[in-house]
Amino acid sequence: MTSPAAGKPIRTAIADEDGIDFAIIELFFFAYRDFTSDPDQILADYGFGRAHHRVLHFVNRRPGLTVAELLDVLKITKQSLARVLKQLIDTDHIVQVQGPRDRRQRELYPTAKGRALALALARPQSRRIRAALEDSGATERATIERFLEAMVNPELRAQIDIVPAQTSGKNHGDH
């Protein structure tokens, strides 16, 4: 038996209930939508999607990353990665090399074509970040970096420290 209210429309917007910060959640939705919109348009020209972008990003940031390490960073299934990786290898964006110590291990490297695409995807995102920092009057970049790092699950934050140090000379692990 269903409750008497089942199926009836609720005509009021959800509000801040139980300490839920809907304003920040909504800002994240909108910021993510726009942050990914420029790369999405570029990726569409290749028949690629966001998974391809993420693979290209991390392989370019960490050349020699193994398939196992990439799976751990992306938190996707081996099957999902296999499909995306096959496309990136077939289109000469990434090459796969046997590991020097363990021949079963596969290391991933960008090609010149893969590096060029990764840069083309990152440029509009970098411009958007720079403009947002300027427009918001955010003078302390480190505060924003600490906030975003704090959004990552504590047990996974070590993955951030693996990424090469930023051009500012700051390594995410140095707080």
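Reader: In which helix does Ile144 lie?
Author: This is a predicted model, in which local features need pLDDT of at least 70, side-chain atom pairs count only at pLDDT 80 or more, and totals for chains, interfaces and linings use all residues. Residues are numbered from 1 along each chain as its sequence is written, and side-chain values use heavy atoms, without hydrogens and water. With helices taken as DSSP runs (H or I, at least four residues) numbered from the N terminus, Ile144 lies in α6.

Reader: How far apart are the end C-alpha atoms of helix α5?
Author: Helix α5 covers residues 112-136, 25 residues in all. The expected span is 1.5 Å times one less than the number of residues, so α5 should span 36 Å; its ends agree, being apart by 36 Å.

Reader: Where does α5 bend?
Author: The bend is the angle between axes fitted to the seven residues ending at a residue and the seven starting there. In α5 this comes to about 25°, and a proline, Pro124, follows within four residues of the bend, which is at Ala122.

Reader: Which elements are included in what covers the buried residues of α5?
Author: The buried residues of α5 are Gly114, Leu117, Ala118, Leu121, Pro124 and Gln125. Counting contact as heavy atoms within 4.5 Å, their cover includes α1 and α2.

Methods:
Helices (H or I, at least four residues) and strands (E, at least two) are DSSP runs, numbered from the N terminus. Buried means under 20% relative accessible area, exposed over 50%, partly exposed in between (1.4 Å probe, protein chains only).
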